[in-house]
Amino acid sequence: MAAAEDLAVPRPVDEIVDVLIIGSGASGAAVAWGLVGTRLKILCLEQGDWIKPADFPANGRDWEARRYADFDISPNRRARDTDYPVNDDNSPMKVANFNGVGGGTILFTAHFPRMHPSDFRVRTLDGVAEDWPIDYWTLEPYFTENDRMMGVAGLAGDPAYPAHEPTMPPVPLGRSGTCYARALNKLGWHWWPSEISIATSEYDGRAKCINLGHCTPGCAQGAKASVDITYWPRVLRAGVELRTRCRVREITTNKHDMATGVIYYDPTGTERFQPAEIVILAANGIGTPRLLLNSASSRFPNGLANSSGLVGRNLMLHPWPQVSGYVAEELDGDRGPQTVMWSKEFYETDASRGFVRGYTLQFGRGTGPVNEAITNLGTGRLPWGRGHHRAYRTLMYRRLLVGVACEDLPEEHNRVMLDPVLKDSHGIPAAMIDYTISENTRAMMEHGIARATEILEAAGAKNTFASRIVLNSPGHLLGTARMGIDPATSVVNEWGRSHDVKNLFIVDGSIWVTSGGVNPTSTIQALALYVADSIKQRLATLFD
Amino acid sequence: MSTLTDHTSQRASGSELTPADLRDLRRLAGLMIPAAAEYDVPGADDEAIFSDIVRSLGRDQNDVRKALTTLRELAGDDFAALVDAEAEATAMALLRREVPEITALGRAVLQCYYRDDRVVRSLGLEPRPPYPRGHVLKQGDWSLLDAVRTRPRMWRDVDGKGD
């Protein structure tokens, strides 16, 4: 039902707020923080719950099994009542996310690289995709502020990045990192300890990492910087209101093409109207286009903010092959943060490789006994039957794992649409994605797999195995409402405001123009802080 | 085995396994991971482990039932009646299939087998959750980074604003 016409339907109306943020994840928390101090009345609606540290799997003996159950990264398998389904049948890569206060940061690995300066100039440098309307240096102060808020372990001096200072010492190399480092030095290739938003020392009231080794399904120690324990406590103390279990159905507009608020379902399932002067979308690269498309009306028949036709298009998912191999000596396994270091040796374009752009190599430790068994079964090394026990004991804690974080270039046919049949528990049409991996990316993947294999062999690994598609990984949802100066080729302007609806902003991964070859959270949050600052600086003329 | 909070079974769907399903699944589990005196470990058909498997099927229950249907087809309809060698050959033929239900079956067995106290101890590990004690992780050899520290700048100064 078209939103504007539907306002005649009687439903409870809440008190108007100045700023309404939809989603409390990485970007929602950051944009809220960026706006505190403005004296604006700010409300955030979140469809999920607060997650208590005692609920995280690492507290119990079924800690590994729960990553395939109530802490699975796939919303379709997890299927909590706070989740919404995503039809990803038409994609080799499946969707990963989390719905709750903290959003995806609840289940991220906390690998925290920034985008590189060249990532913002893809068209200029390599003749593909589009340049961003901003550059690295625009975001640099916001990267710094975000690092301070999240707490980032790392080491200054990486020759692959402009100078900056992580806020804490790096995570230990351990046995696994030492093994990788020797191999990379033998090959003469770059490596550096990863920047990771995990507290390696006590930081801002957070306890230091004690190597639970189970970072992805939530950190029971609170050392991992999910935004429910970094940004939100400060944001709430500053007076922002956060309402959980509130699922937004659509954004409403008036005859002046301005957003008037949202229709949402409260925790009792009652449909309500929340008026707002400014609406900010922070619902990730799937949730945001879904909501815009679900907000179609007579004046916006193709979906809200979609005069360009680009809402939902240019979906980028970061294909991420993984290569594993087995060494004779015992490694760290699950006894430490999962990622340890990166290599940027193949990050920048080299035309001789047969593709443009590049990738980060990301080096992992391992997992616990259950997941080692499941993974080794997948690599074909662990048999069933009488040979099982002997094989398992030669494999456990002896697996090296290199991820290939490929830059995924935008293509309009990769898109988010509304599923004509599938709906969530409130009857709201679900998102459906249509995605293929491009030839450029496939060439990049094969190059990365070959280089990762070389590294593993230099480390003395045997029985290497490449997984080209890792299901539900990595869960980077980007590009579906991109930023740009030209309203014909972008959805939001260079500071996050919709070209079509002048009091509607987007701050999540949707606004990315290109994807880089890095985990996106650091840059997503820097962008959200930048958009918040842009709003603050323009308050008097914000809707001009 | 310490008491488990029943998180994994919260999303069980469809009907419960029948007695015939349970009988076949238990025999199959014992063939997937047999007991081994050499390592002093039970098989996956051990009573406590098998109970844990059944209780924890949760989201995998329908796939496991599907796998058991295929098992019976491969066995000529009566897996229980096969002699040991035939049963083992049939089980391995099933497990070689690269289909989602076999992945789910494997996960259902492994996630319970490798959290059993006896099995965990046999691996030289403590049967406990990661929290609150965590683990010790040594720093490793940071001198290896010296070779990288001296490298020239690698990032492209595309905006002419670099250091």
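Chain B of this predicted model contains 7 helices and 0 strands, so that, read along the sequence, the chain follows the pattern α-α-α-α-α-α-α. The radius of gyration of chain B is 23 Å, well over the 15 Å that the globule rule gives for 163 residues, and chain B is therefore more spread out than a compact globule. For the complex as a whole, the predictor reports an ipTM of 0.93 together with a pTM of 0.96.

**Overall form of chain B**

- Of the 163 residues in chain B, 36% are buried.
- Among the contacts in chain B that have a separation of 6 or more, 70% are made by residues 24 or more positions apart.

**Helix 1 of chain B**

- Helix 1 of chain B covers residues 19–32, which amounts to 14 residues, and its reach of 20 Å from the first C-alpha to the last is close to the 20 Å expected at 1.5 Å a residue.
- The buried residues of this helix are B:Asp24, B:Leu25, B:Arg26, B:Leu28, B:Ala29, B:Gly30, B:Leu31 and B:Met32.
- The cover over these buried residues includes helix 2 (47–55), helix 3 (61–74), helix 4 (84–95) and helix 5 (100–113) of chain B.

**Confidence in chain B**

- The mean pLDDT of chain B is 91, and 90% of the residues in the chain reach 70 or more.
- Confidence in chain B is highest in helix 6 (residues 117–122), at 98, and lowest in helix 7 (residues 146–149), at a mean of 96.
- The pLDDT is below 50 over residues 1–6 of chain B, a stretch that has 11 contacts in the model beyond near neighbours in sequence.
- The pLDDT is also below 50 over residues 8–13 of chain B, and for this stretch the model has 21 contacts beyond near neighbours in sequence.

**The interface between chains A and B**

- On the two sides of the interface, 57 residues of chain B are in contact with 63 residues of chain A.
- Helix 1, helix 4, helix 5 and helix 7 of chain B are the elements that give two or more residues to the side of chain B that touches chain A.
- Helix 5 of chain B gives the most to that side, with 4 residues.
- By residue class, the side of chain B that touches chain A divides into 28 nonpolar, 14 polar and 15 charged residues.

**A:His388 and its surroundings**

- A:His388 has its place in helix 10 of chain A, which comprises residues 388–395.
- A:His388 counts as buried because it has 21 C-beta neighbours inside 10 Å, where the cut-off for burial is 20 or more.
- Leaving aside residues up to four places away in sequence, A:His388 touches A:Leu382, A:Pro383 and, in the other chain, B:Ile33.
- The C-alpha atom of A:His388 is separated by 9.9 Å from that of A:Ala373, which lies 15 residues apart from it along the chain.

**An open sheet in chain A**

- In chain A, 6 strands form an open sheet in the order 4-10-11-12-9-15, and the pairing is antiparallel.
- Strand 4 (192–193) and strand 15 (462–467) of chain A are the edge strands, each of which pairs on one side only.
- Within chain A, strand 11 (residues 359–364) and strand 12 (residues 399–406) run antiparallel and are joined by 6 bridges.
- The bridge partner of A:Leu361 in strand 12 of chain A is A:Val404.

**Backbone geometry to check**

- Most residues other than glycine have a negative phi, and most peptide bonds are trans.
- The peptide bond that joins B:Tyr131 and B:Pro132 is cis, with omega at about 15 degrees, and B:Pro132 lies in the loop between helix 6 and helix 7 of chain B.
- A:Ala110, a residue other than glycine, has a positive phi near 75 degrees and is found in the loop between strand 3 (86–90) and helix 4 (122–126) of chain A.
- A:Ala110 counts as buried, because 29 C-beta neighbours lie inside 10 Å.
- A:Arg245, likewise not a glycine, has a positive phi of about 55 degrees and is found in the loop between strand 5 (241–243) and strand 6 (247–253) of chain A.
- A:Arg245 is partly exposed, with 18 other C-beta atoms within 10 Å.

Terms used. Residues numbered from 1 in each chain as written. Chains lettered and ligands numbered in written order. Predicted model: local features only at pLDDT ≥ 70, side-chain atom pairs only at ≥ 80, totals over all residues. Rg over C-alpha atoms; globule rule 2.2 N^0.38 Å. Buried ≥ 20, exposed ≤ 12 C-beta atoms within 10 Å, placed from the backbone. Contact = placed C-beta atoms within 7 Å. Expected span 1.5 Å × (residues − 1). pLDDT = per-residue confidence, 0-100. Nonpolar A, V, L, I, M, F, W, Y, C, P; charged D, E, K, R; others polar. Pairing = 2+ DSSP bridges.
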